[in-house]
Amino acid sequence: MKNFRLRTMAGGVLLAGLFACSEPKFETGSYQVIPLPMDIAETVGAAPFIIRPSTTVCYPEGNEALERTARFLASYIKEVTGTEVKTGTKAGSKNCIVLDVDPGLGNKEAYVLDVTDRRVTLTGATEAAVFLGTQTLYKALPITEGQALGALPAGTVKDEPRFAYRGFMIDVGRHFFSVDYLKELIDVMALHNINYFHWHLTEDQGWRIEIKKYPKLTEVGATRKETITEPGSKEYDGKPVSGFYTQEEAREIVRYAAERFITVIPEIDLPGHMLAALASYPELGCTGGPYEVPTRFGVFDDVLCGGNERTLQFAKDVLNEIMDIFPSPYIHIGGDECPKTRWEKCPKCQAKIRELGLKSTREHSKENQLQVWFMSEVEKEILARGRQMMGWDEILEGNPDPSKTVMAWTSPKAGVKSAQLGHPTIITPIHYLYFSNPWINRLMGEASVKRVYDFEPVADTLTVDERKNIIGAQGCIWTEWTKDSVKMEWQMMPRIDALSELQWTQPEKKDFGQFTQRLRHQLKLYDLKGWNYKSLDEADSLKYRQFKNW
């Protein structure tokens, strides 16, 4: 009996050896990803690089950022192929994916991917560029989920972005979203090569960030008693909406994004859209109140009092706490949709206008000029901390100096005006890049995505020098009618893919028909991750009409 067992074991070892000698089943991916890289040159007829359990993702010893990126890449590989690879600092001559930095590549987000059957080398000009390269690898891998090994085609990919600023904004003022869910959305941004998360933290309908010097902002301003059910309705849902982020939770979001080379830009919108703050501290308004956190949406006459020294000090205090939390080079202070109805009648505002010697002109009212003064005083506080002020394009109404970075949202013409005036300008027009725009969301199927894809951020009317002032583009989701993750994701995906290509890929390489072919793999990746998205098929899209205000 003992001899029989030995013979059986020996036969099993021999059989295993025979299987080990044969080539395992594998599937080869494609570099035709979103956004489309600048240059792809596959080596025709060459064997691919097969990712095996023995594969190692290697990084330079002592480089913590690349070590973290190596772990990310290992997790991506396991997610899509089921293969668990190793990470380490010692690169062998074969069967390894090597991450490295070479500042000589020029553009700080440029990377080069060289692939042979023995080795993958991913070199970036910076650690951020290497991370962007891993996103290309992530999307290039076949989705096998353990049914086969994944392989990468032999060849070379050279890539760098069109725009340095590639942003996405999420409003949490109208409806609150958890820290964990925001992290998931940051992962969506990373997958699409987005490098700025614009976090809209305050609104008339809710103040969402803890300010220790002004505790009532969250004690009072973070809660509204109910919400209007739909545009134009007189009905309310009777459900309180509340929530805010502690300063430590905000720092956690900043850390999470930074690990993915995404900068979080905080926005405290002032002097308009401040009813949640006025409900908390009525003395900051022109009338003294009483105020309440509004239960409907729109633009309200009650704003911060522009002539009140106490109000200006409030703004400075809040922004100093914000700058303690957020290391972003940009601090967004809004400046949009600020009616001057109260200022025109307010004794303090009119006294300040006389003190400053402001006079109405054909282009700019004295009240608009008061807002420019107010914003400039706030900007001094921002500049003193080594940061830059950012605002919506209404800040142009008072002829501010060109140091201010402008987000052009009201129309493409606003972006042209801003660039012509010499402002660093981010293009984000409501009719194209507001993914929560109720009218645009009525477009079905491919039209919904094509409208984003075909938009050109740099207008032909700009001169060569003026075009340099267009530093990027941004998509936005405002959450008046976005209460949950399903609608958030359906509004975002797959239009964020079109946005990604608009931000990253040179215009001459864009082709919508080819884009939709590449999008098929991306949608499979969404399915794998459990993300919701809107179908490009118009008939399938009709099912989303079950959501009011879609």
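This is a predicted model: local features need pLDDT of at least 70, side-chain atom pairs count only at pLDDT 80 or more; totals for chains, interfaces and linings use all residues.
1. Overall dimensions. The protein has 550 residues, and a compact globule of that length would have a radius of gyration near 24 Å. The value here is 27 Å, which agrees. Along the principal axes, the C-alpha atoms fill a box of roughly 105 × 55 × 50 Å.

2. Secondary structure and packing. There are 19 helices and 22 strands. Of the 550 residues, 57% count as buried.

3. Largest pocket. Its volume is about 420 Å³. The lining has 17 residues. Those nearest the centre are Arg 174, Glu 337, Ile 430, Trp 478 and Glu 480. By class, the lining divides into eight nonpolar, four polar and five charged residues.

4. Second largest pocket. This one holds about 240 Å³ of space. Its lining includes Lys 108, Glu 109, Thr 126 and Ala 128, along with Ala 164, Tyr 165, Asn 195 and Tyr 196. Phe 261, Thr 263, Tyr 330 and Ile 471 also line this pocket. Seven of the lining residues are nonpolar, three are polar and two are charged.

5. Rolling a probe the size of a water molecule over the atoms shows where empty space is left. In the whole structure, four cavities of 30 Å³ or more turn up. The largest cavity has a volume of about 50 Å³. It is lined by 13 residues, and Phe 131, Leu 132, Ile 194, Arg 260 and Phe 261 are the closest to its centre. Two elements give two or more residues to this lining: helix H3 (127–140) and helix H4 (179–191). H3 gives the most, with three residues. The classes are eight nonpolar, two polar and three charged.

6. Helix H16. This helix covers residues 485–492, and six of its eight residues are buried, so it is largely enclosed by the rest of the structure. The buried ones are Lys 487, Met 488, Glu 489, Trp 490, Gln 491 and Met 492. Their cover includes strand E11 (165–171), H4, strand E22 (470–477) and helix H17 (495–504). H4 also contributes to the lining of the largest cavity.

7. Cis peptide bonds. Most residues other than glycine have a negative phi, and most peptide bonds are trans. Two exceptions for the peptide bond deserve a look. Leu 270 and Pro 271 are joined by a cis bond, with omega about 0°. Pro 271 sits in the loop between strand E17 (263–270) and helix H7 (275–280). Gly 289 and Pro 290 are also joined by a cis bond, with omega about 5°. Pro 290 lies in the loop between H7 and helix H8 (309–325).

8. Positive phi. Asn 95 is not a glycine, yet its phi is positive, about 60°. Asn 95 falls in the loop between strand E5 (86–88) and strand E6 (96–101). His 273 also has a positive phi, near 55°. The loop between E17 and H7 holds His 273, and Pro 271 is found in that loop too. Is His 273 buried or exposed? With a relative accessibility of 4%, His 273 counts as buried, because the cut-off for buried is under 20%.

Terms used
Residues are numbered from 1 along each chain as its sequence is written. Side-chain values use heavy atoms; hydrogens and water are left out. On a 1 Å grid over the protein atoms alone, a cavity is a set of points where a 1.4 Å probe fits but cannot get out, and a pocket is an open set with protein on both sides within 12 Å along at least five of seven lines; lining residues have an atom within 4 Å of a point. Grid points are joined across faces, edges and corners, and a volume is the space filled by probe spheres set on the points. Ala, Val, Leu, Ile, Met, Phe, Trp, Tyr, Cys and Pro count as nonpolar, Asp, Glu, Lys and Arg as charged, and the others, Gly among them, as polar. Helices (H or I, at least four residues) and strands (E, at least two) are DSSP runs, numbered from the N terminus. The radius of gyration is taken over C-alpha atoms; the globule rule is 2.2 Å times the number of residues to the power 0.38. Buried means under 20% relative accessible area, exposed over 50%, partly exposed in between (1.4 Å probe, protein chains only). Contact means heavy atoms within 4.5 Å.
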